[in-house]
Amino acid sequence: RSRSPLPLPPNCHPLSAVVLSRLSYHQDFLRSRSLSSTLKVHADGHFTLGSPTSLGISTSYIPESKSHVLRVSLGPGPAAGGREGEYTLQNNEAPAWHTSKLGTHERIEKAVDDMVAWVERGEAERV
């Protein structure tokens, strides 16, 4: 599949950059949901894509757990019948020798692929 990368602004957090790079491999997913034009990178380097009322994808840092996460929401939120998912990109409290055999980039790419599959399954269930 041809790949047209999402723009990577200079202030993009390195983990968010890996997510955006991997999302670029899912052009049909991005195009069919008109997500490419909705990219917003925040001052802390994390990003949001999409709309909170339909499909929203974002990265953020959670200080309490010292982890970076990829979040996705389908619809207006669970209270209104929507669904939400969260994927840990990096847990800064986990030891460097944690049990995952995948490196950081591979773990993030797998999280993005899993998120795309989750969204597609969720959309199919709503039809």
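Predicted model: local features only at pLDDT ≥ 70, side-chain atom pairs only at ≥ 80, totals over all residues.
Which residue in E5 is the bridge partner of leucine 74? It's arginine 83.

Five strands make up an open sheet, ordered E1-E2-E3-E4-E5, with antiparallel pairing. Strand E1 (40–41) and E5 sit at the edges with a single partner strand each, so one side of each has no neighbour in the sheet. Helix H1 packs on this sheet and touches E2, E3, E4 and E5, its direction making about 25° with that of E2.

On one flank, 8 bridges tie E4 to strand E3 (residues 55–62), running antiparallel. On the other flank, 8 bridges join E4 to strand E5 (residues 83–91), again antiparallel.

Glutamate 93 lies in the loop between E5 and helix H3 (104–126). Its C-alpha atom is 7.5 Å from that of serine 65, although the two are 28 residues apart along the chain. Is glutamate 93 buried or exposed? It counts as exposed because its relative accessibility is 52%, and the cut-off for exposed is over 50%.

**The core**

The largest nonpolar core has 29 residues, and Leu23, Phe29, Ile57 and Met115 are the ones with the most contacts inside it. Helix H1 (14–23), helix H2 (27–32), strand E2 (47–50), E3, E4, E5 and H3 each put in at least two residues. H3 gives the largest share of this core, 7 residues. Phenylalanine 29 shows how these pieces meet: among its contacts are Leu23, Leu55, Ile57, Val116 and Val119.

**Salt bridges**

Side chains of opposite charge can pair when their charged atoms come close. A search of the whole structure turns up 5 salt bridges, and here are some of them.

| Pair | N to O distance |
|---|---|
| Aspartate 113 and arginine 22 | 2.8 Å |
| Glutamate 123 and arginine 33 | 2.6 Å |
| Lysine 110 and aspartate 114 | 2.8 Å |

Two of these pairs link distant parts of the chain. Aspartate 113 in helix H3 and arginine 22 in helix H1 are 91 residues apart. Glutamate 123, in helix H3, is 90 residues from arginine 33, which belongs to the loop between H2 and E1. As for lysine 110 and aspartate 114, both lie in helix H3, 4 residues apart, about one turn of the helix.

Glutamate 123 is partly exposed at 25%, and arginine 33 is partly exposed at 22%. Lysine 110 is partly exposed too, at 43%, as is aspartate 114 at 32%.

Note on methods
Residues numbered from 1 in each chain as written. Heavy atoms only, no water. Pairing = 2+ DSSP bridges. Buried < 20%, exposed > 50% of the residue type's maximum accessible area, 1.4 Å probe, protein only. Core = buried A, V, L, I, M, F, W, Y, C linked by side-chain atoms within 4.5 Å. Contact = heavy atoms within 4.5 Å. Axes fitted to C-alpha atoms, helices over the stretch in contact; angles between N-to-C directions. Salt bridge = Lys/Arg side-chain N within 4 Å of Asp/Glu carboxyl O. Lists of a residue's contacts leave out its neighbours within four places in sequence.
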